[in-house]
Amino acid sequence: MPPKDTATDEESVITYDINVPYHGAALEKKAIKHPQYTPTWNEIWFDKLPPFEFHDPALRADSQMPNLLTPAVVLEEISPRMGTILRNVQLTQLSDQAKDELALLISQRKIVAFPDQDGFIDAGPEAQQKFMNYFGKPNYQPVSGSIPGYPGFHIIHRDGNRAELDAFFTQKTTSCLWHQDVSYEIQPPGYVMLGLLDGPKVGGDTVFAATDEAYNRLSPPMQKFLDGIQVKHSSANMINHTRLVGGLVRKDPITTIHPLVRVHPITGARCLFVNGEFITSAVGMKDLEWKAISDFLLQHIIGSHDIQARVRWSPRTIVIFDNRSTLHTAVVDYVDDEHGVQPRHIFRLAAMAEKPIPVSTI
């Protein structure tokens, strides 16, 4: 195991991602409603995940989804183009056939939300991790808090961090950080679960953007140009920041080259695989050239509210989304001048999937 990282002058460092604490000192010692999910930083080391064969469960699904969409299920659209709420479904009761159909629905609608998942939340980490293992190999996050014995859990817990938030906004104009989860991995997640344990009465939403629709809005010459670009994704900046603030690092930096436009293995759609967090450069391009392209694409996606959907959380809601055809960001707007920042406690489980498919292979 590598030696433990040592801290430098933490006070001078602006938080990389305001949603994520990098060590226990960032948490106020208030009562946590779900103490089993208190983030911890155990000294455990992960090697890079070797290539593996992935079989998408959506390919096995009955297109009519009879096992998932039973007569008792109520469907609500979050937006016309993307996002579905399924009511009267308990994830603990889904058969393998229903899980296959859920994968297909997520591929088609990009986001599926399940309110009132009391049974699934109460089932605990072991059952939750087992459920997500059906959709791909677990991801072990290199820097964030997790749960002892369950390193696949990425725990997001913020409570009373008003001073840190104020410091963040001395240099930042927004808390939003549009990204795909761990896009630097050789085989990034296809399906990602978020579970809200505790949150503000209003605010703390998650906003998603459809990257296939963003691609479709571009002109044919621009699409053709982008189809051939490869970009470099890296976790180095995140890991270097964590070391700078004295946090624990569990994995060496990973740098991977992926196509800028990837083909979705279920829908066949072409999706922009671009984000503002992990991409460092484009193969064969000068920095300013890539910056112009990256800035244009991100502003195109962020500014196109007609290809976005906003998930409004309530405790014990589970959301599973397609990490291949979306960008997302948390919204840190749950700040009260009298009481400070309200609690927001979420767990994330990510299922690693296929290596992104370039346009040139189809």
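Me: Where is Val182 found?
Reply: Val182 sits in the loop between α4 (162–168) and β6. Helices (H or I, at least four residues) and strands (E, at least two) are DSSP runs, numbered from the N terminus. Bear in mind that this is a predicted model, where local features need pLDDT of at least 70 and side-chain atom pairs count only at pLDDT 80 or more, while totals for chains, interfaces and linings use all residues. Residues are numbered from 1 along each chain as its sequence is written, and side-chain values use heavy atoms, with hydrogens and water left out.

Me: What's the phi of Val182?
Reply: Positive, about 40°, although Val182 is not a glycine. Val182 is also buried, at 2% relative accessibility. Buried here means under 20% relative accessible area, exposed means over 50%, and partly exposed is in between (1.4 Å probe, protein chains only).

Me: And Met65, what is its phi near?
Reply: Near 55°, again a positive value in a residue other than glycine. Met65 is in the segment before β1 and counts as buried at 4% relative accessibility.

Me: Switching to Ile44. Where is its place?
Reply: Also in the segment before β1 (74–77). Ile44 is partly exposed, with a relative accessible area of 37%. Along the sequence Ile44 and Pro151 are 107 residues apart, but C-alpha to C-alpha they are 8.9 Å apart in space.

Me: OK, the core. Which residues have the most contacts inside the largest nonpolar core?
Reply: Leu102, Phe131, Met193 and Phe347, in a core of 34 residues. A nonpolar core is a set of buried Ala, Val, Leu, Ile, Met, Phe, Trp, Tyr and Cys residues joined through side-chain atoms within 4.5 Å.

Me: Which elements supply at least two residues of this core?
Reply: α1 (96–109), β3 (111–114), α2 (118–123), α3 (125–133), β6 (189–198), β14 (318–322) and β18 (344–352) each do. Of these, α1 gives the most, with six residues. There's also a second, separate core of 25 residues, which includes Tyr215, Val231, Val274 and Val359.

Me: What is Met193 in contact with?
Reply: Leaving aside neighbours within four places in sequence, its contacts (heavy atoms within 4.5 Å) include Leu91, Phe120, Phe131, Ile318, Ile320 and Phe347.

Me: How many aromatic pairs does the structure hold?
Reply: There are 11. Rings of Phe, Tyr and Trp (its six-membered ring) pair if their centres lie within 6.5 Å; planes under 30 degrees apart count as stacked, over 60 as edge-to-face and the rest as tilted. Take Tyr134 and Phe135: the ring centres are 5.6 Å apart and the planes are at 75°, so that pair is edge-to-face. Tyr134 is partly exposed, at 23% relative accessible area, whereas Phe135 is buried, at 2%.

Me: Which residues form one aromatic cluster?
Reply: Phe120, Phe131, Tyr134, Phe135 and Tyr191.

Me: Which ring does the charged end of Lys137 sit over?
Reply: The ring of Phe52, 5.5 Å from its centre. To count, NZ of Lys or CZ of Arg has to be within 6 Å of the ring centre and within 35 degrees of the ring normal. Arg262 does this too, over the face of Phe273 at 4.6 Å from the ring centre.

Me: Now α7. Which are its buried residues?
Reply: Met238, Ile239, His241 and Thr242, in a helix running over residues 236–244. Down the axis of α7 they fall within an arc of 160°, so they line one face of the helix. The arc is that of the directions from the helix axis to the C-beta atoms. Just after α7, Gly246 takes a positive phi of about 85°.

Me: Last one: His258. Which strand does it lie in?
Reply: His258 is in β9 (residues 255–259), and it is buried at 0% relative accessible area. The His258 side chain reaches the backbone oxygen of Glu185 at 2.9 Å. That's a polar contact: a pair of N or O atoms within 3.5 Å; within protein, one must be able to donate a hydrogen and the other to accept it, and residues adjacent in sequence count only if both atoms are side-chain atoms.

Me: And which backbone oxygen does the side chain of Thr256 reach?
Reply: That of Tyr184, at 2.6 Å. Thr256 is in β9 and is buried, at 7%. Thr256 and Lys232 are 24 residues apart in sequence and 5.7 Å apart in space, C-alpha to C-alpha.
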